[in-house]
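My notes follow in the order I took them.

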Amino acid sequence: MSRTVSETLWQSSRHHTLDKNTHAHRGEKTMTHDEIKQLLAAYCDGDITAVERAWVDEHLSSCPSCRADLADLKISMKLVKSMPEVEPPEWLASRIMANINDEPAKNSSILQHLFFPLHIKLPLEALTILLVCVSTYYLTRDVNHDIQQTPPVKQQTQPLQAPSKLPTDGLTQQSEIMAEAPKAEEPVRSAKTKVVRERAEETKTQDTSSQSSSVTSLPQSPPQIDRATAKSESADSPAPVDTTPAKSLAARPAKAKKSAERYQATAPITTVVKDTVASETLKIKLQAHQQSDIQEAVKRAVGQAGGSITAASENQENRTIKARLPAAKSAELINNLEKSGKVESRPVIPPDKDEIEVEISW
Amino acid sequence: MSAQTNDTIDDARLVSSCRKGDRNAFEQLVNRYQKMMLNIAFRITGNFDDACDITQEAFLNAWRKITDYRGEARFSTWVAAIVVNLSRNRLQQLHTQAGHEAYSLDDTSCEQSGFCRPSAVSNLQSALEKVEQEQLRDAIRNCLKRLPAEFREVMVLRDMHGFSYDEVGDTLGIKEGTVKSRLFRARDGVKDCLRNALAE
């Protein structure tokens, strides 16, 4: 059975009994020689109490063995402390620093990037929570507000119809504008749009005459959008009216049809616009100077104003011509008509319409 | 203000820079303490090459964990603890490689090791004085090497590098009473070892 050197050393120290009969006295108690020996190392270091030092001094005066031990201890300690230190090789520091320089930068620690210190992290978290709460509150409130206060459809479509911006190809561009503009309002009006779309589909299935009547029967509904459908259909069937004007919609049936289809397919909300902006015929009463060529004069006036004749009727009392023209040209139309007679009733041109339908009677 | 206090303050300043990634500051600490750490490792392991390797690894570990150093102890004490641990690991490796060649009471080499029961007291004081210096150093190195590791560690830190009891305790992770106990036993062991070695 093996025992370690430390145990052996300590046992030899504890059981070293050269002079077991040597005692140090402390009052009535005595310290054995072994106990005194164990204090010698601390005695060299000065790490004993004054009383213990007195015991050791008293014992040493009468114990040559302990005096020899103390002398050996002091010498060995002196020798140990005087051991020369080894010098580090010149390459040691440079190699240490080379190893350290190979280490990645300390500040690039992933954890340090991910986690701020607590005194920074807590305020940031509090601020974030506050922002989330405030944002959620306002977002929720806005949605509820929009749902509860769904504005009249006509009001929403008004900004889309600026007469001053009406282009020559008014139908196409207007359809594009109408198709794009209402997108932001689609979510909040989806329910209403659905209803209107269903109504529009029903309208689409009807014949041309009934379609026109259903569209025109809607209040406050200018004819612009419905015109697209009407003219698209007119391209497939014989034109009921004069198609001579250069800018006749009938001359562009494919484009008009395509625009109308895209308009209906991409933006359901524009169906709402179609119904509400449906035809409102503006009536112009003309007192002709000469009844003989008044009809031709009216047609010429419409053509000069960039409009097109859509219908002509005659009864016993008066004659009527319906025409479509850009709203911006309405003033020019009236001026042209005044050359042929006196305009007795001047219609009020809606400011939010790109194109109008007029009924000129004399 | 003492030189040691100045060094401690300067160490704290350098360590603070090291925490920010200042390698130049750490190089100053390396230059200041590499010799001490090398000697501690050398006295514990008894092998110069191992001591150099341990010193390198100790400083590398210190750099990696510099943010863990709280400044409660001196920087040298903190690094010395790393050196002691690495030295222990190295000794453990050597011990394992040597096939558990532990000292035993039945070991016939006991007589040669000098850690056996001391012989009768002789007039060693005069004998020690007559031994030449180099022979003494060899004998001391041999005696230190034969001390149990836990005793040797205490003696190296306290008697050879002047660590206080507190610092030795911090370095080794033991209480002050244990430090003293081990120290005094180590001194007795070295004394007896030298006595026997020189008596021969």
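I began with burial, where a residue counts as buried if 20 or more other C-beta atoms lie within 10 Å of its own. The model is predicted. In chain A, 32% of the 362 residues count as buried.

I then looked up the elements of chain A. I found 16 helices and seven strands. I also checked contacts in chain A with a separation of 6 or more: residues 24 or more positions apart account for 72% of them.

Next I turned to a helix pair across two chains. Two packed helices are described by the angle between their axes and the distance between the axes. I looked up α5(A), residues 90-102, and α3(B), residues 48-64; their axes come within 9 Å and cross at roughly 40 degrees. That angle makes α5(A) oblique to α3(B). Their crossing is right-handed.

Which residues of α5(A) meet α3(B)? I noted Leu92(A), Arg95(A), Ile96(A), Asn99(A) and Ile100(A). On the α3(B) side I listed Cys52(B), Thr55(B), Gln56(B), Phe59(B), Leu60(B) and Trp63(B). By class, the residues of this contact are seven nonpolar, three polar and one charged.

Last, I looked up a pair within chain B. The axes of α2(B), residues 23-45, and α4(B), residues 75-97, come within 9 Å and cross at roughly 35 degrees. I recorded the crossing of α2(B) and α4(B) as right-handed. From α2(B), the contact residues include Leu29(B), Tyr33(B) and Met36(B). From α4(B), they include Phe75(B), Val79(B) and Arg90(B). I sorted the contact of α2(B) with α4(B) into 13 nonpolar, three polar and one charged residues.

How values were computed
Residues numbered from 1 in each chain as written. Chains lettered and ligands numbered in written order. Predicted model: local features only at pLDDT ≥ 70, side-chain atom pairs only at ≥ 80, totals over all residues. Axes fitted to C-alpha atoms, helices over the stretch in contact; angles between N-to-C directions. Helix = DSSP H or I, 4+ residues; strand = E, 2+ residues; numbered from the N terminus. Parallel < 35°, antiparallel > 145°, perpendicular 65-115°, else oblique. Left-handed = near helix turned anticlockwise from the far one by under 90°. Contact = placed C-beta atoms within 7 Å. Nonpolar A, V, L, I, M, F, W, Y, C, P; charged D, E, K, R; others polar. Buried ≥ 20, exposed ≤ 12 C-beta atoms within 10 Å, placed from the backbone.
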